[in-house]
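These are my notebook entries on a single chain.

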Amino acid sequence: KPILLKDLAHMALDSEEFGWKETDGTKEEIAQGLVNLLMQQAAMMEDYFSLIIDSSSCLQSIPLLLDGYFPDEGGLPIFIMHLMFDVDWKSEKKCFKTFCIETARFYSEQFNVDFAAAEILYKLKSASKTAVSFCNILKYYSQL
């Protein structure tokens, strides 16, 4: 079911896991910043990662990495915030790398994966093979 990015942002900001503080800015400013950033990147995320955000700022779908497996939906708000704060949107190569790492983290959070291993694994792959790297990272995690 589609969900507004702003609603996901507010859910994350209200969670203890995110650790929002007043010094970070208002929740509304952060939520709007998330919407603005992800809307700017929506076409690229759809083309390369099958993460679809519609024109109403609703998250429509996330990458389907493993047939028959969908990560815990409760992790979506934090995943979306990681896309805002932990993906390097300025460099194409770093964008692919950090997006893949954050998506792998979201998909494998139930496995308590060491993400230093993901960093090493990613460095072994070239940026031009991102889709293959992405799947290989997740296959690696699913075997832990």
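**Entry 1. Terms for exposure.** I call a residue buried under 20% relative accessible area, exposed over 50%, and partly exposed in between. By that rule Lys 6, with a relative accessible area of 25%, is partly exposed. I note at the outset that this is a predicted model.

**Entry 2. Overall layout.** I counted seven helices and three strands in the chain. Read from the N terminus, the order of elements is β-α-α-α-β-β-α-α-α-α. The chain has 144 residues, and buried residues make up 43% of them. I then took the contacts with a separation of 6 or more and found that 56% of them join residues 24 or more positions apart. The accessible surface comes to about 8100 Å², with 52% of that area on carbon and sulfur atoms.

**Entry 3. Helix 4.** How many of the eleven residues of helix 4 are buried? I found eight, so the helix is largely enclosed by the rest of the structure. The buried residues are Leu 76, Pro 77, Ile 78, Phe 79, Ile 80, Met 81, Leu 83 and Met 84. Against which elements do the buried residues of helix 4 pack? I listed helix 1 (5-14), helix 2 (27-40), strand 3 (58-61) and helix 5 as their partners.

**Entry 4. Aromatic pairs.** My search for ring pairs returned five in the structure. In one of them, Phe 49 and Phe 99 are stacked, with 3.9 Å centre to centre and 15° between the planes. This pair links distant parts of the chain: Phe 49 belongs to helix 3 (residues 42-49) and Phe 99 to helix 5 (residues 92-108), 50 residues apart. Both Phe 49 and Phe 99 are buried.

A further stacked pair is formed by Phe 79 and Phe 106, at 4.6 Å centre to centre and with 15° between the planes. Phe 79 lies in helix 4 (residues 76-86) and Phe 106 in helix 5, so the pair ties together parts 27 residues apart in sequence. Phe 79 counts as buried because its relative accessibility is 2%, and Phe 106 is buried as well, with a relative accessible area of 4%. I also recorded one aromatic cluster, made up of Tyr 48, Phe 49, Phe 96 and Phe 99.

**Entry 5. Cysteines.** I searched the whole structure for disulfides and found zero. Why is there no bond between Cys 95 and Cys 100? A disulfide requires sulfur atoms within 2.5 Å, whereas the sulfur of Cys 100, the nearest to that of Cys 95, is 8.8 Å away.

**Entry 6. Salt bridges.** Side chains of opposite charge can pair when their charged atoms come close. The search of the whole structure gave three salt bridges.

Lys 6 pairs with Glu 28, and their closest N and O atoms are 2.7 Å apart. Glu 28 counts as partly exposed at 38% relative accessibility.

Asp 14 and Lys 27 also meet in a salt bridge, at 2.6 Å from N to O. This pair likewise links distant parts of the chain, with Asp 14 in helix 1 and Lys 27 in helix 2, 13 residues apart. Asp 14 is exposed, with a relative accessible area of 54%, whereas Lys 27 counts as partly exposed at 24%.

Which residue forms a salt bridge with Glu 102? I found Arg 105, the closest N and O atoms being 3.1 Å apart. Both residues lie in helix 5 and are three residues apart, so about one helical turn separates them. Glu 102 counts as buried at 6% relative accessibility, while Arg 105 is partly exposed at 29%.

Technical notes: Residues are numbered from 1 along each chain as its sequence is written. This is a predicted model: local features need pLDDT of at least 70, side-chain atom pairs count only at pLDDT 80 or more; totals for chains, interfaces and linings use all residues. Side-chain values use heavy atoms; hydrogens and water are left out. Rings of Phe, Tyr and Trp (its six-membered ring) pair if their centres lie within 6.5 Å; planes under 30 degrees apart count as stacked, over 60 as edge-to-face and the rest as tilted. Helices (H or I, at least four residues) and strands (E, at least two) are DSSP runs, numbered from the N terminus. Buried means under 20% relative accessible area, exposed over 50%, partly exposed in between (1.4 Å probe, protein chains only). Contact means heavy atoms within 4.5 Å. Accessible areas come from the Shrake-Rupley method with a 1.4 Å probe; for residues, only the protein chains shown count as cover. A salt bridge is a side-chain nitrogen of Lys or Arg within 4 Å of a carboxyl oxygen of Asp or Glu.
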